[in-house]
Amino acid sequence: MENYIYFNNAATSWPKPPEVIEAMKRNLTECPVFGDRQNIASAKDVVKIAREEIASLFEAPDSNRIVFGSNASELLNAIIHGTLKSGDHAISTYAEHNSVIRPLNTASKRNGVELTYVRVDERGYLDIDDFSKAFKDNTRLVVINHGSNVTGALQDIKKISDIAFRHKVPLLLDASQTAGNIKISLKETPVAYLVFTGHKALFGPRGIGGAYIAEGFDFPPFKQGGTGILSEDPFQPERIPVRYETGTRNVPGIVGLTEGVRFVKKIGISKIIEKKHALLSILIDAMKDNKKIILYSPDDLDKSVGTISFAIKNWLIDDIGYVLTNSFNIIIRTGLHCAPMIHEILGTLPIGTARISLSYFNSEEEVERLIKALNQISVLK
Amino acid sequence: MKISVVKIEVLDDCFKDTTLFDFIFSKALQDDFINSLSSLGEFEYYTEFPKPFYKVFRNGSFMLKGIKNSPNMRVSLFPENKVESLNELIAFFHIDNSLMPILKKE
Ligand SMILES: Cc1ncc(COP(=O)(O)O)c(C=O)c1O
């Protein structure tokens with residue numbers, strides 16, 4: 001396998017901390033007596049431990065309200081379809097991922113749910129006034145992408161949550177891009193639902209995600225089946241978290257995610273941010289110096305999750321990705337990044353943008369190699 | 001031995017209506033072969049890159065691109081003239097009939 005420099009961490013992070021790989025290996029090697037609904041006395045419940053680690057990362061008041069699923073999309077679907085019914089109105093934004101847009105549009109088509117998508121500006125920020133004006137008497141859910149996976153724009157979640165609270169409308173925060181990348185405190189900013197994915201900045205494997213469902217915001221279970229407990233009940237148990245965790249869980253994934261979360265805590269979010277900001281400053285300064293590069297991302301790194309979208313004048317977006325990958329062994333991503341609506345605002349439809357997303361594991365040398373490659377590519381046309 | 005296409009892989013289509021293939025040749029492509037593509041359309045060849053990149057573009061018809069020393073060539077057929085473009089590429093690269101069903105499926 002060739003050596004690649006990897007800048008596609010907004011899609012999935014790589015490399016993973018060795019602890020993640022070790023823990024998963026151990027879990028798959030050991031006799032499965034621990035943690036998956038087994039009877040053994042004093043079994044350490046690895047799933048319970050995972051809930052506790054995640055709850056403490058998000059400063060969530062009750063770890064039993066962390067539920068696991070196969071990814072963020074699954075939980076976003078569950079909450080959207082579980083809470084919205086015919087005649088309801090939901091508010092979301094142009095910065096959403098298809099994992100929100102498609103379930104919302106499906107709820108609209110199937111059940112006549114009314115939708116308002118509030119526009120964002122050309123950097124990806126939500127206009128708070130427009131957002132405030134979108135509420136109606138029948139508004140029952142607000143869905144917000146915390147950090148744009150296209151421009152990196154971080155929404156002001158404190159303000160958004162205050163407004164939603166004032167209107168007594170539950171807020172569903174899609175933290176797929178932000179969990180592990182910035183500090184999220186449910187103590188400081190309570191939300192009804194927080195959805196996270198395990199395989200991005202939380203450094204877990206692909207195929208694991210979850211949600212925090214605040215007390216008072218339960219919705220009907222979206223799947224019914226075996227839960228390992230309360231088996232005499234002919235219906236899905238009411239008790240959370242089993243209410244939402246049907247069938248055999250992805251325990252190796254959960255164990256890997258636990259170690260990913262522990263890694264984030266061990267390094268510390270502020271250290272992670274500090275390192276990424278230092279690298280991003282070098283990169284953004286160099287990209288701004290290059291007059292052929294068009295940046296679609298915010299300048300203020302404190303208001304960014306650290307993802308950058310760009311184009312190079314006279315180059316097709318797809319060719320930028322092809323050349324970086326195949327000629328320079330540098331992995332970035334090109335296209336719409338599953339978030340088509342924001343490209344309407346950026347003016348980048350139908351081809352999208354080129355996107356760079358760093359992780360804690362990237363180095364200054366790698367960033368310098370990327371800058372050199374971008375400069376070399378851009379001067380040729 | 002003459003270079004020939006030995007396999008054609010149909011790729012997932014990112015853009016509606018554009019058909020995407022990988023042509024896999026019998027040998028890694030070198031300068032002579034790559035330069036001969038210039039007769040097909042607008043030709044760009046960036047030899048200064050760590051792995052040189054070539055691209056051939058014919059407006060409304062097709063785009064070919066790839067890397068020197070690789071046997072793979074990415075082929076995009078634009079919706080306007082798919083059949084004609086395909087026939088032209090089949091003739092140009094002397095693509096064997098046995099590979100045709102894969103192409104025709106698209
Ligand atoms: C903002 C956002 N929401 C949701 C998702 C979906 O995450 P998952 O692949 O875990 O379902 C992604 C993943 O790319 C994302 O960036």
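How many residues does the contact take from chain A and from chain B? The contact, meaning heavy atoms within 4.5 Å, takes 17 residues from chain A and 15 residues from chain B. This is a predicted model, in which local features need pLDDT of at least 70 and side-chain atom pairs count only at pLDDT 80 or more, while totals for chains, interfaces and linings use all residues. Residues are numbered from 1 along each chain as its sequence is written, chains are lettered from A and ligands numbered from 1 in the order in which they are written, and side-chain values use heavy atoms, with hydrogens and water left out.

Between chain A and chain B the buried area (the accessible area, with a 1.4 Å probe, that two parts lose on being put together, summed over both) is about 1,400 Å², and carbon and sulfur atoms give 61% of it. Tyr322(A), Ser327(A) and Leu380(A) supply 40% of the area that chain A buries against chain B, more than any other three residues.

There are 3 salt bridges between the two chains, a salt bridge being a side-chain nitrogen of Lys or Arg within 4 Å of a carboxyl oxygen of Asp or Glu. Asp318(A) forms a salt bridge with Lys65(B), where the closest N and O atoms are 2.9 Å apart.

An N or O atom in the side chain of Gln177(A) is 2.7 Å from an oxygen atom of the ligand.

Terms used. A polar contact is a pair of N or O atoms within 3.5 Å; within protein, one must be able to donate a hydrogen and the other to accept it, and residues adjacent in sequence count only if both atoms are side-chain atoms.
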